[in-house]
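Here is a short report on one protein model. Please keep the sequence and the structure in view while reading.

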Amino acid sequence: MLGFPGVLLWRAELSSVFLRGTIPPPVLLLPRWLVPVRPRGSFENHALLVLGGRIAALGPREELLARHPEVERIWLDTHVLLPGFVNSHTHAAMSLLRGLADDQPLMAWLQQHIWPAESRFVHPDFVRMGTRLAIAEMLAGGTTCFNDMYFFPSETAQVAAEMGMRVSVGHVVIDFPNTYTKSAEDALRKAQAHLAGLRGSPLVKQGMAPHAPYTVSDGALQETAALARQEGLFMHMHVHETSQEIAGALERDGCRPLQRLARLGLLDSRFLAVHMTHLDASDLAICAETGIRVAHCPESNLKLGSGISPVSSLHRQGQKIGIGTDGAASNNDLDMLGELRTAALLAKGRDQDPTALPAVDALEMATLGGAMACGWEAETGSLETGKAADCIAIDLDRPATSPVYDPVSQVVYCAGRDQVSHVWVAGRLRVSGGRALDWEDREIVVQAREWARRIAERDGEG
Ligand SMILES: [Zn+2]
């Protein structure tokens, strides 16, 4: 529910125009507080002009009102306007497995529940439905871009483009057979076959996603890196997720996973290492030398009992860090507001230092840091002139977020995703009054329930 009737009237009149047109209409956004992320801090009584889906101007409210009297206005008198969140690591389609067999040891959860369900059900229809469910959740919670790693990436890309969500899809490479690929060689062939076809949508980027050091051989990793370099793609990989992963690598390879990846020549500023919970001094040195990006997924790491990433050490040494939810099967939500709060609190607890990872840094990781992690920083992650208008408005006029001394603190430490009132992707309004404009959530929920009934019937068969 919005705070004042002007916005509701505007929405009723113009939402149909948005849906019909290919170019979103010009609009002047007039929030109480503007938090562009770059520059840092918050600005009162400023405005943002959207033209052709891009940020055309930012500046003092009165100045922009006087200069653009003809443009439609959206008054957001009690709201903070900020860039949409970038979920820097997830497996969107796994939302259909949310809550299947929680609170189990990691290998029992994987071997007895998740992997059997995936081997039975993961086909294009599953990926399309799971991705629809994930995007409906993410957009409503203020996420406007996500970095995905899952099978059938073309389906994920297509659904994201249809629903108006920005995405970077990862072509998964894994040695083991699954319902999508028979081997790493097959995965590389499929990635090459799909690369050209996915280049058409302005909302879609692609990356290579070797699954993890323990599931991809040296040869396949080098071929994946060669393809990524040839095509100018980011790489995206689970690295140092658990202490068992490191113990296994020491036994098998005689070195830690990061050392092996460095030796194979994979690590540079276009490599995104996901999790990074167990890092010693030599690992931190490799991170600093190579400039790899890091995706911090604190809630998944907590829920699976994996460990806690030394994120403030990485941050202090200048690493570019994004925040990710991981898949809904191991989180169990795709709530970036919740995730960035967990990141900020966990860093303080881990370091026993209340100054570790201040709110402004956590917010930057959840927006611009995520965009840098998956190659979208020229388009999104901050509210800067020339970038795509990927913005969200959060209504702070609620008991839970009152009073407001510092809007950034309110967003990070106490706002809930139900306070996200408006979401624009590339200047197009996708959520208004907290509701999706382009689909019925109810319909998606009913379809997800039907999938869950079929999955639950076979769960436990091994
Ligand atoms: Zn993951």
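Thr131 sits in helix α4 (residues 124-140). Helices (H or I, at least four residues) and strands (E, at least two) are DSSP runs, numbered from the N terminus. This is a predicted model: local features need pLDDT of at least 70, side-chain atom pairs count only at pLDDT 80 or more, and totals for chains, interfaces and linings use all residues. Residues are numbered from 1 along each chain as its sequence is written.

Is Thr131 buried or exposed? Thr131 counts as buried because it has 31 C-beta neighbours inside 10 Å. A residue is buried if 20 or more other C-beta atoms lie within 10 Å of its own, exposed if 12 or fewer, and partly exposed in between; C-beta atoms are placed from the backbone. Setting aside neighbours within four places in sequence, Thr131 is in contact with Ala92, Ala93, Glu155, Thr156, Val159 and Ala160. Two residues are in contact if their C-beta atoms, placed from the backbone, lie within 7 Å. Ser95 is 36 residues from Thr131 along the chain, and their C-alpha atoms are separated by 7.4 Å.

Helix α5 (residues 153-163) is mostly covered, with eight of its 11 residues buried. Among them are Glu155, Thr156, Val159 and Ala160. The cover over the buried residues of α5 includes α4, β7 (143-150), β8 and β9. Gly164 follows α5 and has a positive phi, near 80°.

Helix α6 (residues 184-195) has 12 residues. From first C-alpha to last, α6 reaches 16 Å, close to the 16 Å expected at 1.5 Å a residue. The expected span is 1.5 Å times one less than the number of residues. The buried residues of α6 are Ala184, Ala187, Leu188, Lys190 and Ala191. Seen down the axis of α6, these buried residues fall within an arc of 165°, so they line one face of the helix. The arc is that of the directions from the helix axis to the C-beta atoms. Their cover includes β8 (166-173), β9 (204-210) and α7 (218-231).

## Two domains

The chain is divided into domain 1 (5-83 + 391-425 + 427-441) and domain 2 (85-373). These bounds come from an automatic or database domain assignment. Taken over C-alpha atoms, the centres of domain 1 and domain 2 are separated by 30 Å.

In all, 24 residues of domain 1 are in contact with 22 residues of domain 2. On the side of domain 1 that touches domain 2, α15 (407-413), β15 (420-425) and β16 (428-432) each supply at least two residues. α15 gives the most to that side, with five residues.

## Backbone exceptions

Two cis peptide bonds can be checked. One runs from Asn331 to Asn332, with omega near 15°. Asn332 lies in the loop between β13 (321-323) and α13 (336-351). Another joins Ser402 and Pro403, with omega about -5°.

His275 lies in strand β11. Its phi is near 95°, a positive value in a residue other than glycine. His275 is buried, with 27 other C-beta atoms within 10 Å.

## Confidence

The chain averages a pLDDT of 94, and 95% of the residues score at least 70. pLDDT is the predictor's confidence in each residue, from 0 to 100. Over residues 1-21, pLDDT stays under 50. Where pLDDT is low, the predicted coordinates should not be read in detail.
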